[in-house]
Amino acid sequence: MKAVPAEMPATTRTYPLKAGALTLRTTPVAGQDLFRIAERINPKRAFLFVSTVLGRHIPVCPLDHRAALRALAAGVSAHLLPGPVFVMGFAETAVGIGAGVFDCLRLSHADRDMGYLTTTRFSASGASDWFTIEESHSHAVDHIILTPRAGVLQHGATATLVLVDDETTTGKTFAELAAGLRAQGLDYGRVVLVTLTDWSDGRATAAVQGIFAGAEVHAVSLQQGAWDWVAKSGWVPSGFPDSCAAICPGWKPDAAQGFGAPRTGIAASDPRQSGADILAHLEDAGCHLPAQGDRVLVVGAGEHVWQPMLAAEALSARGINTRFITTTRSPILQGDTIRHKATFPDHYGQGFWMYMHNVVPADWDRILFFTETSADGLPPALVSWLGRVDVIDGAGRVSVLSAEGQLA
């Protein structure tokens, strides 16, 4: 997989949706099917690009996911200035690929000062809010950026800022984050915008250009194109789903907890956590790991995606048939792309609906579910639907829940 696809004739295709028609002009990537189209339950934007390599809405082979990360990181490497590197990802969808691009970069540039930080929808105990931005078209508008811990933040005239999202259509969210960093007094000599698919037709780089005076702006993606949306005449968009009753006490992440999203950052000077490390911890915590011949689904919860992916990758490296997916708070209509959908109250006691897509529990012999909360944060409706589940909580404890929600 290459970050800059080989030249092929551009194609134009129109996707008819209930709310209108989406037309895409793109250059196909040889041998790759990088996205599908689905329809959001969102009055702000009706369409959604669903990645086939992200692991958010479609279960993905961890090795395919890692190949995409390596390709993106290789593309970024061609644009790095000689100084330090600061990588940022966006909650919730790009927390994992941001961490993954950073992980690949730190492995290939071991001599660099480098840090990774993600936006989040949660303030955390043991950390302070740094600044906020808004993602105008999102189902969850507000992004919080926590103050990064020591060694994470990198900046300066020879530094490169790498902003990572799953896709971009306008570049507005990139520009919001870049402007937020600039407002904190930070400066960068170069900015690299990284996406799996880039549908902005140059608008993303234009949106960020000039935020950091004199900085060059580059874009790296696995596939590029342009889009046009025509709303259906007389169509009345549905609103966002109503809130739901919380099923557990309100939860707040602890910046010091061992298993969770990297909300206060990862520094290249930190010891690198591997999937083998995580599997060793699980065994020490009493987890009977999947065996050869098992069909295994590893599930992350919301923003908690990077460590579950590493665990799934390590299981795949052992030759175990493993796929990876995460729960999401993004409401999507069922159809050709979202064939299966489970709906349940959030894990965090906040009172919003969450979803798992394209999962049939009977297809899996083992399901390993990583949650930042305690096992009590798993909604009974979700556990009942999944059946027997190995739960790894935010403290790294392992428990097994049955379909009745009881400890097995």
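**Close-up views of a predicted model**

View 1. R56 is located in the loop that links strand 4 (47–51) to helix 1; helices (H or I, at least four residues) and strands (E, at least two) are DSSP runs, numbered from the N terminus. The model is predicted: local features need pLDDT of at least 70, side-chain atom pairs count only at pLDDT 80 or more, and totals for chains, interfaces and linings use all residues. Residues are numbered from 1 along each chain as its sequence is written, and side-chain values use heavy atoms, with hydrogens and water left out. R56 has a relative accessible area of 2% and is therefore buried (under 20% relative accessible area; exposed is over 50%, partly exposed in between; 1.4 Å probe, protein chains only). Leaving aside residues up to four places away in sequence, R56 touches E92, T93, G302, V305, I325, T326, T327 and T328 (contact: heavy atoms within 4.5 Å).

**View 2. The side chain of R56.** This side chain reaches the backbone oxygen of T327 at 2.8 Å and that of G302 at 2.9 Å.

**View 3. Strands 6 and 12.** Strand 6 (residues 114–118) and strand 12 run antiparallel and are joined by 2 bridges. Y116 has I266 as its bridge partner in strand 12.

Note on methods. Pairing = 2+ DSSP bridges. Polar contact = N/O pair within 3.5 Å; in protein donor to acceptor, adjacent residues only side chain to side chain.
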